[in-house]
Amino acid sequence: MLLSFDGTSPEPALAEEIATRGLRVVSNPRRGGPGAARNRAARDARGNYLAFTEDDCVPDPSWLERAAARLEREPSIDVLAGATLLPDGSPARRPDRDQPHYLPTNLFVKRTVFEAVGGYDEGYFHAASGIYFREDSDFGFSLERAGARIALEPEARVVHPREHSGYLDPIRWARRYRMDARLRKRHPDRFRERIEVHRLGPFTVRRPFVRACSAVVIASLAAGIALATGEPGLASLMGAVALAAFLPVWAKWRFDPIRLPVILAVPFVLITELLRGAAAERSPRSPGGPSIR
């Protein structure tokens, strides 16, 4: 089993502890994001299947055995997605029919297939800020496009802590949307049909959170312009629209009053990062994809 460190190496005491457990360590000399770390580990791994999890996950004691048994029974499987649960036992991501989310917290990939798609695209990482996002979806969509045979194994489980619990985490969470433009460019159809799409009976709602943030920003700007041009009635109306649109944004953090000052900035940060990402993808210097080679 390999532990991959991104742009760092374990302290001597930790390295010794790792060695006593029969594990191997690989490190990228410069930080390149989680995709680069996984690609680095894949180059040194020796098995026919690559099993991915993350440092903040706690795998079930039978995690590997459950996955291995399924792959032994069905050797035609190229990709096996296990279940990633929160501490209360609920799914870490909202289930999407029979389609996996390709979470690298719990994923098994045949080595030859991993190599055929070029591994993880390392362009989903912004070195200056340390922000990364969507590299897992990109990898999954690349596997699908390559015709990989994909299956779910709910009995192979890991537990992941709840995310975004820190005071400033909503801002960091919003900044990740910078990566959306890259995923839309590389997989336009799947992006439209699979990323933050909610189906309520016969209705399909696409990107409700992004739409709510857009409404907050547009209505707030309109209110400011109306107030500056001497239209207080229109300013009040637009302010009310902005407030109504903000409620689902605040709801994501369970209407936490302590973090409200931070959450108020989320729509503006998110829309700014979407625009920055789109501009970066239009640039001829836009970073290229993987590789594990």
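Two strands count as paired if DSSP finds at least two bridges between them. The structure discussed here is a predicted model.

Q: Which residue in E6 stands opposite tyrosine 49?
A: Strands of a sheet pair through backbone hydrogen bonds, either parallel or antiparallel. E3 and strand E6 (residues 107–110) pair in the antiparallel sense, over 4 bridges. Opposite tyrosine 49, E6 places lysine 110.

Q: Which strand gives the largest share of the lining of the second largest pocket?
A: This pocket holds about 360 Å³ of space. It is lined by 21 residues, of which Gly82, Ala83, Thr84, His101 and Leu152 are the closest to its centre. Two elements give two or more residues to the lining, strand E5 (79–85) and strand E9 (150–159). The largest share, 5 residues, comes from E5.

Q: How many residues in the lining of the second largest pocket are nonpolar?
A: The lining divides by class into nonpolar, polar and charged residues. The charged class has 5 residues and the polar class 5. The nonpolar count is 11.

Q: Which helix gives the most to the lining of the largest cavity?
A: The search of the whole structure finds 1 cavity of 30 Å³ or more, and about 30 Å³ of space lies in the largest cavity. Its lining consists of Gly32, Pro34, Gly35, Ala36, Asp121, Glu122, Tyr124, Phe125 and Glu135. With 3 residues in that lining, the element that gives the most is helix H2 (residues 34–44).

Q: How many of the residues lining the largest cavity are charged?
A: The lining includes Asp121, Glu122 and Glu135, and Asp and Glu count as charged. Alongside the charged class there are 4 nonpolar and 2 polar residues. The charged count is 3.

Q: What span does helix H12 reach from its first C-alpha to its last?
A: H12 covers residues 266–282, which is 17 residues. At 1.5 Å a residue the expected span is 24 Å, and the computed one is close to this. From first C-alpha to last, H12 reaches 24 Å.

Q: Which helices are included in what covers the buried residues of H12?
A: Buried here means under 20% relative accessible area. In H12 the buried residues are Val266, Pro267, Val269, Leu270, Ile271, Glu273, Leu274, Gly277 and Glu281. Their cover includes helices H6 (169–175), H7 (180–186), H9 (208–228), H10 (232–252) and H11 (260–263).

Methods:
Residues numbered from 1 in each chain as written. Predicted model: local features only at pLDDT ≥ 70, side-chain atom pairs only at ≥ 80, totals over all residues. Heavy atoms only, no water. 1 Å grid on protein atoms, 1.4 Å probe; cavity = no way out; pocket = protein on both sides within 12 Å on 5 of 7 lines; lining within 4 Å. Points joined across faces, edges and corners; volume = space filled by probe spheres on them. Expected span 1.5 Å × (residues − 1). Buried < 20%, exposed > 50% of the residue type's maximum accessible area, 1.4 Å probe, protein only. Contact = heavy atoms within 4.5 Å.
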